[in-house]
Amino acid sequence: MFQVKICGITSVNDAQAAADAGADAIGLNFYPDSPRYVEPETAFEICPQFPQLLKVAVFVNEPSATIRQHAQQIGFDAVQLHGDETPGQVAELADLRLIRAFRCRDSSLETVEDYWHVCQQQESLPQALLLDAYHPEQYGGTGQCLAWNQLHPLPPLLRGSSWVLAGGLTPTNVAEAIRSARPDGVDTAGGVESEPGKKDHALIQQFVTAARTAFASLS
């Protein structure tokens, strides 16, 4: 779906910085409790201006009807479910391009495998899975890192699925993370910020360059 995603975009200027740096995708966070929450009106302004970017709308425990309403009104390209959404809700939204995010307590991924198995049974697998660090009170953007070197290879059930690594990625560690975990894509929010919700454009450029170089070294 993408190699490099800059998440938590809250302004046209920050979206432009991601595009200029060569990112593939941006994330627009619709979780009201997040410091990176974007108003629907702002998202509606951002999305049409960047046809070269995959626009991913991030939701946390929102009803399917709300997600569909935003999709129709704003026009993003994919949906990232980053809360406690059930496989049943994944099935309800199966006609959308879905990324299912998991906050991993450890590197065993047993819970993720169980979830993926249910989705397989109901023939509603998301297009990609995203592995993020666990925090008991936060849904993403924690700055905490996963044990990257223990995520490759993935468990048998997950192999063949497109997957994205997130959690504490910065310009200084993203290359190591890619070489260790060998994900299909990477996702950062706080790792390229001057403050929550405000991107540092130089850091975005450094992150994208480091990620691109690391991905190229794997081929």
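Which residues does Gln 120 touch, not counting residues up to four places away in sequence? In this predicted model, Gln 120 touches Leu 125 and Leu 157. Gln 120 lies in helix α5, which spans residues 110-121. Its relative accessible area is 37%. Gln 120 therefore counts as partly exposed, since that class lies between the 20% and 50% limits. Phe 59 is 61 residues apart from Gln 120 along the chain, and 22 Å separate their C-alpha atoms.

Helix α5 also contributes to an aromatic pair. Tyr 115 of helix α5 pairs with Phe 102 of strand β5 (residues 98-104), so the pair ties together parts that are 13 residues apart in sequence. The ring centres are 5.1 Å apart. Phe 102 and Tyr 115 are both buried. Arg 100 lies over the face of Phe 102, with a distance of 5.0 Å to the ring centre.

In total, the structure holds five aromatic pairs. One aromatic cluster is formed by Phe 30, Phe 59 and Phe 76.

Strand β5 belongs to a closed barrel of eight strands. The order is β1-β2-β3-β4-β5-β6-β7-β8, and the pairing is parallel. On average, neighbouring strands of this sheet are turned by 25 degrees against each other, direction ignored. Strand β1 (residues 4-6) and strand β8 (residues 185-188) run parallel and are joined by three bridges. Ile 6 has Thr 188 in β8 as its bridge partner.

Key:
Residues numbered from 1 in each chain as written. Predicted model: local features only at pLDDT ≥ 70, side-chain atom pairs only at ≥ 80, totals over all residues. Heavy atoms only, no water. Helix = DSSP H or I, 4+ residues; strand = E, 2+ residues; numbered from the N terminus. Buried < 20%, exposed > 50% of the residue type's maximum accessible area, 1.4 Å probe, protein only. Contact = heavy atoms within 4.5 Å. Pairing = 2+ DSSP bridges. Axes fitted to C-alpha atoms, helices over the stretch in contact; angles between N-to-C directions. Phe/Tyr/Trp six-rings, centres within 6.5 Å; stacked < 30°, edge-to-face > 60°. Lys NZ or Arg CZ within 6 Å of the ring centre and 35° of its normal.
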